[in-house]
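The sequence and structure come next.

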Amino acid sequence: MAIRTIRIDEDPILRKISRPVVRFDISLHTLLNDMEETMRNAMGVGLAAPQIGILKRIFIIDIGEGLIEFINPQIISDEGEQVGDEGCLSLPNRYGVVSRPNTVTIKAQDRNGTYFELTKSELFARAICHENDHLDGKIFSDFVIGELNYTNNEDE
Ligand code: NI
């Protein structure tokens with residue numbers, strides 16, 4: 001496994017549309033393994049492939065319940081609303097309030113190409129929406145309610 005460079009700030013690749021995965025082969029598995037190592041190294045709870053410069057429809061999430069890999073994901077329904085703070089490894093030291101569905105149902109493929117469906121709420125649902133947006137070149141700061149804030153560190 002290898003830690004890849006996380007693209008940040010105004011990197012134009014973060015604004016591009018990712019393409020579907022068609023080959024579920026060893027190079028996909030290497031990419032997924034590298035994404036996991038990169039996410040854990042950065043202490044993130046989610047990472048989308050475009051964040052490491054790979055324009056493929058892939059993201060991973062681990063909010064503390066174990067890693068789940070989502071390939072060619074589609075949110076097929078959502079319900080309710082949650083409003084809360086959000087951040088992103090691609091916008092270091094910033095956070096802001098974003099409205100998201102409280103529950104989402106998502107269909108995706110695993111690393112072997114097998115389809116699965118999951119219904120998740122609260123933080124996991126927020127992470128799904130956030131990571132799925134990355135595949136369409138959208139970043140949470142596009143949707144922040146009020147101000148984008150800076151964490152209390154050297155930026156203050
Ligand atoms: Ni993000």
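This is a predicted model: local features need pLDDT of at least 70, side-chain atom pairs count only at pLDDT 80 or more; totals for chains, interfaces and linings use all residues.

Cys88 and His130 link distant parts of the chain, being 42 residues apart. Cys88 sits in the loop between β4 (82-87) and β5 (94-100), whereas His130 belongs to helix α2 (residues 122-134).

Both Cys88 and His130 are buried.

The largest pocket has a volume of about 270 Å³. It is lined by 15 residues, and those closest to its centre are Val45, Gly46, Gly87, Cys88 and His130. Two or more lining residues come from each of β4 and α2, and α2 gives the largest share, five residues. By class, the lining consists of six nonpolar, five polar and four charged residues.

The second largest pocket has a volume of about 160 Å³. Its lining is made up of Arg19, Pro20, Val21, Val22, Arg23, Asp25, Ser27, Leu28, Leu31 and Lys56. Five of these residues are nonpolar, one is polar and four are charged.

## Helix α2

The 13 residues of α2 should span 18 Å at 1.5 Å a residue, and the C-alpha atoms at its ends are 19 Å apart, which agrees.

How many of the 13 residues of α2 are buried? Eleven are, so α2 is mostly covered.

## Salt bridges

Side chains of opposite charge can pair when their charged atoms come close. In this model the count comes to twelve salt bridges.

One of them joins Glu86 and Arg126, with N and O 2.6 Å apart. This pair links distant parts of the chain, with Glu86 in strand β4 and Arg126 in helix α2, 40 residues apart. Are the two side chains of this pair in buried or exposed residues? Glu86 has a relative accessible area of 6% and is buried; Arg126 is likewise buried, with a relative accessible area of 6%. Both values fall under 20%, the limit for a buried residue.

Another salt bridge connects Glu36 and Arg40, at 2.9 Å from N to O. Both residues lie in helix α1 (residues 26-41), four residues apart, about one turn of the helix. An α-helix has 3.6 residues a turn, so residues three or four places apart point the same way. Arg40 counts as partly exposed, at 38% relative accessibility.

Arg7 and Asp11 form a further salt bridge, in which the closest N and O atoms are 3.2 Å apart. Arg7 is partly exposed, its relative accessible area being 27%.

Note on methods:
Residues are numbered from 1 along each chain as its sequence is written. Side-chain values use heavy atoms; hydrogens and water are left out. Buried means under 20% relative accessible area, exposed over 50%, partly exposed in between (1.4 Å probe, protein chains only). On a 1 Å grid over the protein atoms alone, a cavity is a set of points where a 1.4 Å probe fits but cannot get out, and a pocket is an open set with protein on both sides within 12 Å along at least five of seven lines; lining residues have an atom within 4 Å of a point. Grid points are joined across faces, edges and corners, and a volume is the space filled by probe spheres set on the points. Ala, Val, Leu, Ile, Met, Phe, Trp, Tyr, Cys and Pro count as nonpolar, Asp, Glu, Lys and Arg as charged, and the others, Gly among them, as polar. The expected span of a helix is 1.5 Å times one less than its number of residues. A salt bridge is a side-chain nitrogen of Lys or Arg within 4 Å of a carboxyl oxygen of Asp or Glu.
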